[in-house]
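Please look over the sequence and the structure shown here before reading on.

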Amino acid sequence: MNDLQNIPAVDSLLKTGTAQNLSALYGRELLLQALRGTLENLRAAVQSGKDISIPNTEKILADTERTLQHWLEPTLKPVINATGIILHTNLGRAPLSAETLQAMQAAAAAYSNLEFDLAAGKRGKRSVHAEELLQRLTGAESALVVNNNAAAVMLVLSALARGKRVIIAHSQLVEIGGGFRVPDVMRQSGAKLVAVGTTNRVHTADYERALQEESAALVLTAHHSNFKIIGFTTEPELSEIAAVTHSAGLPLVNDLGSGALLDTAVFGLKHEPTVQEALAAGADVICFSGDKLLGGPQAGIIIGRADLLDKIKRHPLARAVRADKLCLAGISATLIHYLKGEATAKVPVWKMISIDSAAIRQRAESWRQNLNYGEVIAGKSMVGGGSLPEESLPTWLLALPVKKANQFLSKLRSLPQPIIARIEDEQVVFDPRTVFPAQDPLVIQSLRKLLP
Ligand SMILES: *Cc1c(COP(=O)(O)O)cnc(C)c1O
């Protein structure tokens, strides 16, 4: 039987060279915490009557170091996205361009004129930073960047419709995922929802009737996002809704969701309504995400009429959901790619959308040759991010006919740099479209280790 007294004391362990090294690496306090934990477990095992041998000093310290490594391992780490879903919300949505990263690094590493007017030498406004670029790009009178699009919608409704009625189509009372439900957001902002039309059919006359009967603050239209109504359906054009809304003297607010600045139809996809089109159709305020089809950092962008934007900027919630300096630097750098007409060459999301399918096939083929395993098959990539549901881009996949596909996926996830793949027809498939070419060697090296 082991005796508790055979367990070494903390003090004597700390005097060893190994412990000194660990202390230098991890700090004395954290080492102490981990060491006490190791010894506590040991004592508990002995007391439980298990016939265990007391490990030597080196073993105790090795266990302790494993604990320390585990504690300090980042919970948020890079993964390789081989799913072919370009805007994968679970995988962090849009990866950023090199210029965007540079701008964010510069803003992060030093002081900046975030809220300082350099010409006047006094306090300035952070809201100026991306505003001019957004005006130039879209033609909107005014703009504001906030934390994300959910916050943007909440802020707009709070500022323009608190305690008042908001008219919206039944067909647009959607949940876009992650707990964002249009009716809930409205309730939270203090606006009263007036739903018009039916789930599948909404007519201009439905809006007209509601505008006559209800004294409303505004009309809201929301992108259906990741859901599609098919069959016997109708919804008026945005310009028609704008016309009846304006006739009643009210503003039209459009939650555009993804907020494309380029035409997706050019790349063989269905046409996703663009920000510019929404403005041209007569929307007075438009909200969209920064990290969906725009391809920038997480943000919510609000553009539109100056008088309405002024109200929005002055609302107390604007301070609570404001964008930080990294976001403003990143959004600005991303917007500049569009202004310079280089978005498809520089913004990773658009590079992935516009990549030539022959190039994808070549990479899938080269993966297969390097592994000497599997086959290259035709498949589909998705845009994701709540935009273009059911729309896909033709792609080429490396398909591996491994025996236990689910188990293989889990092994891929536990790699030091996890690879996220998917199963199709019982094979594990990898889509090069969403894997950066620089990651190819790592993908091949990792797969080689896991394959028979
Ligand atoms: C994605 C989306 C949102 C939420 O945007 P976040 O940037 O994720 O907060 C709101 N409305 C619509 C229609 C969306 O598609």
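Leaving aside its neighbours within four places in sequence, which residues is R126 in contact with? In this predicted model, the residues that R126 touches, once those neighbours are set aside, are L114, E115, R322, A323, D324, K325 and L328.

**Two buried residues**

- R126 is placed in the loop that runs between strand β4 (122-123) and helix α6 (128-138), and with a relative accessible area of 14% this arginine counts as buried.
- N149 belongs to helix α7, which covers residues 149-161, and its relative accessibility of 8% makes N149 buried as well, because the cut-off for that class is under 20%.
- Apart from neighbours within four places in sequence, N149 is in contact with D255, G257, C287, F288, S289, A299 and G300.
- Although N149 and D291 stand 142 residues apart in sequence, their C-alpha atoms are 9.4 Å apart in space.

**The nonpolar cores**

- In soluble globular proteins, nonpolar side chains tend to be buried together.
- The largest nonpolar core holds 57 residues, and the members that touch the most others are V145, I167, Y207, I303, I331 and L335.
- Helix α14 (residues 325-339) is the element that gives the most to this core, contributing five residues.
- Another core, lying apart from the largest one, has 32 residues, among them L155, F180, L218 and A222.

**The chain as a whole**

- The secondary structure of the chain amounts to 19 helices and 16 strands, and along the principal axes its C-alpha atoms fill a box of roughly 90 × 55 × 50 Å.
- The chain has 452 residues, of which 48% count as buried.
- When contacts between residues at least 6 apart in sequence are considered, 74% of them join residues that are at least 24 apart.

**Surface and charge**

- The accessible surface of the chain is about 22,300 Å², and carbon and sulfur atoms account for 51% of that area.
- There are 47 positive and 44 negative side chains in the chain, and the centres of these two sets lie 4 Å apart.

Conventions. Residues numbered from 1 in each chain as written. Predicted model: local features only at pLDDT ≥ 70, side-chain atom pairs only at ≥ 80, totals over all residues. Heavy atoms only, no water. Core = buried A, V, L, I, M, F, W, Y, C linked by side-chain atoms within 4.5 Å. Buried < 20%, exposed > 50% of the residue type's maximum accessible area, 1.4 Å probe, protein only. Helix = DSSP H or I, 4+ residues; strand = E, 2+ residues; numbered from the N terminus. Contact = heavy atoms within 4.5 Å. Areas by Shrake-Rupley, 256 points an atom, 1.4 Å probe, with all protein chains shown as cover. Lys, Arg positive; Asp, Glu negative; His and termini not counted. Charge placed at Lys NZ, Arg CZ, Asp CG, Glu CD.
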